[in-house]
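User: I would like to go through part of this model with a few questions. Please show it first.

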Amino acid sequence: MGEHPVFLGHNEPVPWRGLIDRPGRCGALGGTSVTDDQTPGQTVPNEVLRDRFGRTISYLRLSVTDRCDMRCLYCMTPDVRFLPSEQVLSLEEMVRLGRTFTELGVTKIRVTGGEPLVRRDVLWLFEQLGALPRLRELVLTTNGSQLARLAGPLKAAGVRRINISLDSLRPERFGRITRTGRLERTLGGIDAALAAGFLRLKINSVVLRGYNHDEIADLARFALDRGMDISFIEEMPLGMVGSHDRAQAYYPSDAVLRDLAEHFDLIPSPETSGGPSRYYRVPGRSGRIGLISPHSHNFCASCNRVRVSAEGRLLLCLGQEHSADLRRALRANPVDDLPLKRAIIRAMAIKPAGHDFDLAVRPVILRHMNMTGG
Ligand code: SAM
């Protein structure tokens, strides 16, 4: 049976064997250990994925395409080249991944991209994932451009919550930030999602000094008026983005909070949606205001997630290059999921303690967010 190497940032294969086969260190399944002595056909008990820092991994973010109908200036370059289709996992391979992760204890899958809803037949994938018996939450991140068409069918497929990216309520600004996006399409998508009756809808806004930082209160009001949550996100240094100056555009969450406090009574809330948002409640409103602060308030200690890119690379940390090639495990073993399971378990040995973004070093990570699966 072939080995499926895992990689650190410098692309050196990791000598995982010594790490993984000590019970209780990492990747341990209910106290048992997984070694490379196992042969095909052996079963792996359905338990939890745990990394070497004792963190339980219960959340998968699955990027179903690197393609997008927008070219947000903080996310990619205008002349971005997308992956050739043979390098991208098939929808069937993604269902196998989803099933395998849930058998390893993952209970929440977020489908993302690129723009996930531009992938052909993606609704079929949602239907398959939505039917996985061990999955508790199927959620989606989208720019909203296709939601007018797809909100109802997504709800029927089992999607419970949607995050919709919206950085400006002004058409010219929206066009400047997204380069190719049209505000009215995203707003129409938000209306359709509201009408479809999802459990929760959340707006995600990346705040950029000089682009939209003066719209924070307007965006918050837009979300709260519709009973939606909103999270304001600090831009992360992922990939080269041409002439866009990230250090200059950096707008810290503390400044967002200060701006919001001029317009709203903000009550810190201990609530969590299982993610990195720190939430605030506003009296009389059902929606919450969140701050995602990868620079100023690192949230790695409670990290419960991994990502799989559209080409099947298991990414252990948003801000590090540590990864494992799951496409190889999938394609070398078309009917046996055990090698895939073992590759996932082994990769737990290299999940890093955390990221440390530094805007003075550019770019920190060469992958763009559309590759990573935001
Ligand atoms: N196309 C979908 C969308 O727009 O929501 C899903 C993919 S997109 C990469 C997911 C999220 O990542 C979006 O909310 C986007 O704003 C955010 N994002 C992309 N690049 C980012 C960066 N460099 N820093 C912070 N957030 C980023």
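User: In which sense do β8 and β9 pair, parallel or antiparallel?

Analyst: The model is a predicted one. In it, 6 bridges join β8 and β9. The chain crosses from β8 through α7 to β9, a right-handed β-α-β crossover. The sense in which β8 and β9 pair is parallel.

User: Which residue of β12 is the bridge partner of I233?

Analyst: β9 also pairs with β12 in the parallel sense, over 4 bridges. Within this pairing, the bridge partner of I233 is I292.

User: Why is β9 described as largely enclosed by the rest of the structure?

Analyst: In a regular strand, side chains alternate between the two faces of the sheet. From β9, D229, S231 and I233 point one way, while I230, F232 and E234 point the other way, and all are buried. β9 is largely enclosed by the rest of the structure because its buried residues number 6 of 6.

User: How many of the 10 residues of α7 are buried?

Analyst: Helix α7 spans residues 216–225 and is mostly covered. Its buried residues are I216, A217, L219, A220, F222, A223 and L224. What covers them includes the helices α6 and α9 and the strands β8, β9 and β12. The number of buried residues in α7 is 7.

User: Which residue with a positive phi follows α7?

Analyst: After α7 comes a residue whose phi is near 70 degrees. That residue is G227.

Notes. Residues are numbered from 1 along each chain as its sequence is written. This is a predicted model: local features need pLDDT of at least 70, side-chain atom pairs count only at pLDDT 80 or more; totals for chains, interfaces and linings use all residues. Side-chain values use heavy atoms; hydrogens and water are left out. Buried means under 20% relative accessible area, exposed over 50%, partly exposed in between (1.4 Å probe, protein chains only). Helices (H or I, at least four residues) and strands (E, at least two) are DSSP runs, numbered from the N terminus. Contact means heavy atoms within 4.5 Å. Two strands pair if DSSP finds at least two bridges between them. A crossover is right-handed if, with the strands pointing away from the viewer, the path from the first strand over the helix to the second runs clockwise.
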